[in-house]
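Me: Got a structure I'd like to go through with you. Can we take it piece by piece?

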Amino acid sequence: MADDLMKRPIDMQNVQRAAGVRLMIFDVDGVLTDGSLHYGADGEAFKTFNVQDGLGIKLLQEAGIQTAIISARRSPQVTARARDLGIDHVHQGGHDKLTPFNALLAQLGLTADQVGFIGDDVVDLPILSRVGFAVAVPNGRQEVLARAHYIAANHGGRGAVREVCEFVLRAQGLYDKTMAQFLI
């Protein structure tokens with residue numbers, strides 16, 4: 001993953017967009033997960049989250065960048081994962097993602113230009129088309145890919161979130177400082 005990122009040409013507009021991010025919002029299915037739903041015998045749905053993506057979110061938070069989840073599906077697994085990662089702003093249930101997005105901006109006193117969002121499907125377009133740093137996963141719907149500023153090299157649930165978190169940290173000059181705690 002890191003080697004592939006180093007070989008990609010740097011788009012300075014994306015660096016500038018990511019440099020302004022004060023809040024990073026994540027979709028869940030297809031972004032924080034690979035989009036698969038597994039059902040147990042009792043009908044309980046299971047989701048698989050990527051640990052490296054989770055650390056990326058924690059690194060953003062440590063750097064002072066707020067994080068949020070806005071998901072169309074309601075899931076107790078998402079509630080648990082958000083709690084585990086310390087994500088305080090979580091909205092689940094409903095294809096209208098724009099209303100919770102606008103409420104979050106008002107609550108945090110931010111403008112849409114100060115927000116990054118990563119999504120994969122058409123329900124993400126209302127937010128994706130408004131934020132300062134719009135990100136898609138490479139297996140996202142064509143309509144989403146066409147409107148994204150940045151398309152991750154990695155798929156949802158397979159490192160896309162970590163990649164984007166590190167891109168934001170680098171754009172803000174915070175990557176080395178954030179990583180220093182691990183390079184003892």
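Me: Is strand S6 (residues 115-119) largely enclosed by the rest of the structure or exposed?
Reply: Keep in mind that this is a predicted model. In it, S6 is largely enclosed by the rest of the structure, because five of its five residues are buried.

Me: Which residues sit on which side of S6?
Reply: Val-115, Phe-117 and Gly-119 are on one side. Gly-116 and Ile-118 are on the other. Both faces are covered.

Me: What does S6 pair with, then?
Reply: Strand S1 (residues 23-26) pairs with S6 in the parallel sense, over four bridges. Strand S7 (residues 133-136) also runs parallel to S6, joined by four bridges.

Me: Which residue in S6 is the bridge partner of Phe-26?
Reply: That's Ile-118. Toward S7, Gly-119 stands opposite Ala-136.

Me: New topic. Where is Asn-50?
Reply: Asn-50 is in the loop between strand S3 (45-46) and helix H3 (51-62).

Me: Is Asn-50 buried or exposed?
Reply: Buried. Its relative accessibility is 18%, and buried means under 20%, so Asn-50 counts.

Me: What does the side chain of Asn-50 reach?
Reply: The backbone nitrogen of Gln-52, at 2.8 Å. A polar atom of that Asn-50 side chain also lies 2.9 Å from the backbone nitrogen of Asp-53.

Me: And which residues does Asn-50 touch, not counting those up to four places away in sequence?
Reply: Asn-50 touches Leu-32, Arg-81, Gly-157, Arg-158 and Gly-159.

Methods. Residues numbered from 1 in each chain as written. Predicted model: local features only at pLDDT ≥ 70, side-chain atom pairs only at ≥ 80, totals over all residues. Heavy atoms only, no water. Helix = DSSP H or I, 4+ residues; strand = E, 2+ residues; numbered from the N terminus. Buried < 20%, exposed > 50% of the residue type's maximum accessible area, 1.4 Å probe, protein only. Polar contact = N/O pair within 3.5 Å; in protein donor to acceptor, adjacent residues only side chain to side chain. Contact = heavy atoms within 4.5 Å. Pairing = 2+ DSSP bridges.
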